[in-house]
Amino acid sequence: MLDTPPFPAGHDAQIRAVQIQASDWGWRHAGRHNQAVSGLDLQVEPGERVLLLGASGAGKSTLVHALAGVLGDAEDGDETGSLLIDGRRAAEARGRVGLVLQDPDSQVVLARVGDDIAFGCENLAVPRAEIWPRVRQALTEVGLNLPLDHPTSSLSGGQKQRLALAGVLAMRPGLLLLDEPTANLDPDGVIEVRDAVVRSLDRSGATLVVIEHRVEVWQDVVDRVIVLDPAGGVLADGPTREILSRHGQRLAQAGVWVPALPPRFPTRSPIAAAETLLRAEGLAVGRVPFGRRAASIVAAGITLNLRAGTATVVTGPNGAGKSTLALTLAGLLKPAGGTLHASDTFAAGIVPEPHRWRSQQLLTRIGTVFQDPEHQFLAATVRDDLLIGPHALGLGQAEQTSRVDELMHRLRLDHLADANPFTLSGGEKRRMSVATVLATRPRLLVLDEPTFGQDSRTWQELVALLADLLDEGIALVAVTHDAQFVSALADEEYRFGMPDPIRLGAGAP
Amino acid sequence: MSLLTPTIRPSVVARLNPVAKLAVALIVSCALLLSIDWVSAGVALLLEAGLLLWCGLSARQFWLRTAPVWIAAPMAAITTVLYGEDSGALLRQFGFISVTEGSAQLGLAIGLRVLAIGLPGIVLLATTDPTDLADGLAQVLRLPARFVLGGLAGLRLVGMFIEDWHSLTLARRARGVGDGGGPRGAARRFFGPAFSLLVISVRRGSKLATAMEARGFGSDEPRTWARPSRVRAADAVLVGIGFAIAGIAIGVAVWAETWSFILA
């Protein structure tokens with residue numbers, strides 16, 4: 001970042017902030033029975049900074065997509081009422097609005113940083129001579145100190161989001177729309193992106209509408225909170241503090257992370273004399289790159305014990321090898337060095353090295369919850385998918401059904417039994433991915449960023465469930481960036497870059 | 001180094017317009033597809049060899065990149081020699097397989113052809129940045145921007161396939177269906193993740209399309225190009241060389257009376 005901003009203070013004369021006006025506006029996606037948004041009346045004045053809240057399914061994303069003009073036309077859904085940007089239909093306000101979405105990987109368009117930022121300007125037919133100064137300015141504004149020909153594939157998540165922001169800023173929009181721009185980022189990435197947004201708004205004076213259920217990230221940036229009602233229209237609208245204090249309870253129940261109302265931590269009853277299930281000694285982890293034979297080591301010298309009834313968290317900076325370690329502990333990757341041995345009772349009659357276990361032998365021993373739940377879905381319906389594990393174990397028909405029914409009930413998936421896993425919401429997908437693993441009752445659970453992007457309600461349910469499992473004697477190891485998750489559950493922390501595991505909470509001597 | 005941002009050493013060939021390179025590869029290929037004889041392919045290959053020295057690839061890169069062609073060419077040649085249409089004197093007989101003067105000549109012609117068409121194609125593409133190629137196709141050949149840039153952006157997703165595939169296969173092992181089941185199990189283990197990969201890719205593709213649309217892409221309004229794609233004198237020379245190689249190869253073959261026009 002630069003010490004002195006290269007731009008004059010005050011607002012950019014070329015950017016005119018946008019006014020938003022919705023009158024009885026509604027949208028129903030083609031093929032859906034229910035309205036995504038209905039009866040919406042609101043006005044946002046130029047330069048206002050708005051945080052858009054609401055329960056999952058309240059239509060926040062639909063509204064933001066409509067403002068960005070990417071909802072499509074009559075073929076894609078039915079529009080009612082009017083949604084105007086500076087008095088014109090939102091779909092016609094091309095170039096006046098910039099949108100940054102949640103997933104860092106699916107917003108990069110071109111292979112080089114400079115080309116990617118220039119993309120929007122090109123589409124708006126900005127003359128070539130003007131494009132490159134805009135690109136350089138946007139790059140500095142978001143604090144990305146990179147050469148223009150830097151490959152976009154080598155950026156971190158936070159850098160990719162700032163790149164997406166730069167691409168939007170170079171178009172000089174009067175309205176900046178952010179749809180959960182930091183949900184997939186680690187804490188450093190969240191701050192980087194938030195600060196870049198604030199810097200650019202201070203300069204441009206543009207209007208801001210941001211969707212984000214982690215309120216503490218934006219509460220000091222925005223001056224107004226609008227809460228959408230899932231039943232249609234606006235539930236609450238007003239100054240940030242006032243809305244958060246008056247409607248905090250209700251928002252928290254809807255899954256919004258209200259800073260004054262943190263989720264409850266479960267009470268744990270740790271088991272005595274925890275038995276070691278899996279022991280890593282001088283473990284080195286790495287992946288075998290595509291087309292190679294030998295693994296390239298990302299982390300080495302890892303020594304830790306995974307014990308029954310004990311939660312171990314693995315923390316550390318991005319790229320340190322946390323996920324690779326998790327996959328190795330889970331018996332999915334072969335250790336690149338050192339040893340990883342299961343205890344005799346844990347191995348229960350088979351070889352002690354988990355990576356040599358057969359797929360079916362893993363089921364009752366180690367369950368893995370992947371960072372992206374979609375990667376572990378195998379069947380076309382939730383019920384069939386949950387049955388795969390019990391079926392692979394060769395359990396009786398009655399036992400299979402009773403296990404799956406109980407799990408669906410426990411994880412509030414009953415009403416989704418016949419739904420396709422890919423169509424579930426983010427929170428439902430996470431619960432489902434945990435259910436698939438629990439169906440075979442493994443003694444060790446390995447979780448990779450289990451709370452990433454989850455709303456406070458799903459978070460609380462997940463943490464309570466894991467606490468129950470720990471009390472039942474299951475061993476748990478989780479890779480996480482989530483400080484609250486660590487406070488709520490961790491007995492031991494293995495932090496990358498530190499020589500020994502750190503004892504926390506009840507497990508501390 | 002990656003598919004989309006290859007490290008290309010600065011060289012004469014690297015600076016040429018990708019459209020000119022594409023034109024040369026096409027001209028030579030078309031000329032060589034008009035006849036199947038060993039003389040035209042051999043002459044073209046000889047002339048190309050002189051050019052390939054200038055291509056700016058290191059020896060290691062050259063052999064690594066062109067390895068598939070060096071494997072494919074002899075395979076195609078041998079197959080033709082053994083199973084190609086027989087004519088002329090019988091040279092060898094292995095059971096029902098016969099090698100004749102005609103089939104041997106045909107084999108040589110096919111092998112040389114694979115090399116003469118494959119080598120320049122691979123080398124020219126190896127020295128071309130996909131972004132430059134897209135710029136050239138859209139600005140020089142005036143192909144629709146929607147099509148060219150859509151394809152270029154889609155190419156970026158290919159790199160993610162490998163990452164996804166890796167996770168999908170690990171996840172199947174974790175879920176108890178990662179091994180066993182004999183050949184049917186193996187088939188399931190391939191098609192299962194292949195289907196998931198398809199679903200995941202389509203979803204990612206549609207998210208990318210939304211992001212592109214949000215940045216003003218896909219309308220019928222005119223757009224500008226941040227990176228100019230220019231055709232210079234050197235590019236004209238390159239295309240000229242392409243025509244010369246094609247012409248000389250055909251000329252020598254006609255003179256040597258080996259030219260046999262495939263449509264004749």
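**Exercise 1. Work out how β4(A) and β5(A) pair, and where they sit in their sheet.**

Step 1. Strand β4 (residues 77-85) of chain A pairs with β5(A) in the antiparallel sense, over two bridges. Strands here are DSSP E runs of at least two residues, helices are H or I runs of at least four, and both are numbered from the N terminus. Two strands pair if DSSP finds at least two bridges between them.

Step 2. For a residue-level check, look at A:Ile85, which stands opposite A:Arg88 in β5(A).

Step 3. Now zoom out: the open sheet has four strands in the order β2-β1-β4-β5 (chain A), with antiparallel pairing. β2 (37-44) and β5 (88-89) of chain A are the edge strands; each has a single partner, so one side of each is left without a neighbour in the sheet.

Step 4. Helix α1 (residues 60-67) of chain A lies across β1 (20-29), β2 and β4 of chain A, at about 115 degrees to β1(A). Axes are lines fitted to C-alpha atoms, for helices over the stretch in contact, and angles run from 0 to 180 degrees between N-to-C directions.

A word on the ground rules: this is a predicted model, where local features need pLDDT of at least 70, side-chain atom pairs count only at pLDDT 80 or more, and totals for chains, interfaces and linings use all residues. Residues are numbered from 1 along each chain as its sequence is written, while chains are lettered from A and ligands numbered from 1 in the order in which they are written.

**Exercise 2. Find the neighbours of β7(A), and decide: is the strand enclosed or open?**

Step 1. On one side, strand β6 (residues 97-100) of chain A pairs with β7(A) in the parallel sense over four bridges. A:Val97 has A:Leu175 as its bridge partner in β7(A).

Step 2. β7(A) is also joined by five bridges to strand β8 (residues 207-211) of chain A, and the two run parallel. Here A:Leu178 stands opposite A:Val210 in β8(A).

Step 3. Count burial. A residue is buried if 20 or more other C-beta atoms lie within 10 Å of its own, exposed if 12 or fewer, and partly exposed in between, with C-beta atoms placed from the backbone. Five of the five residues of strand β7 (residues 175-179) of chain A are buried, so the strand is largely enclosed by the rest of the structure.

**Exercise 3. Describe the contact between chains A and B from the side of chain B.**

Step 1. Chain B puts in 44 residues and chain A 57.

Step 2. On the chain B side, α7 (145-174) and α8 (182-214) are the elements that give two or more residues. α8(B) gives the most, with twelve.

Step 3. By class, the chain B side has 19 nonpolar, 14 polar and eleven charged residues. Ala, Val, Leu, Ile, Met, Phe, Trp, Tyr, Cys and Pro count as nonpolar, Asp, Glu, Lys and Arg as charged, and the others, Gly among them, as polar.

**Exercise 4. Classify B:Pro68: buried or exposed?**

Step 1. B:Pro68 lies in helix α4 (residues 59-83) of chain B.

Step 2. B:Pro68 has 11 other C-beta atoms within 10 Å, so this residue is exposed.

Key:
Contact = placed C-beta atoms within 7 Å.
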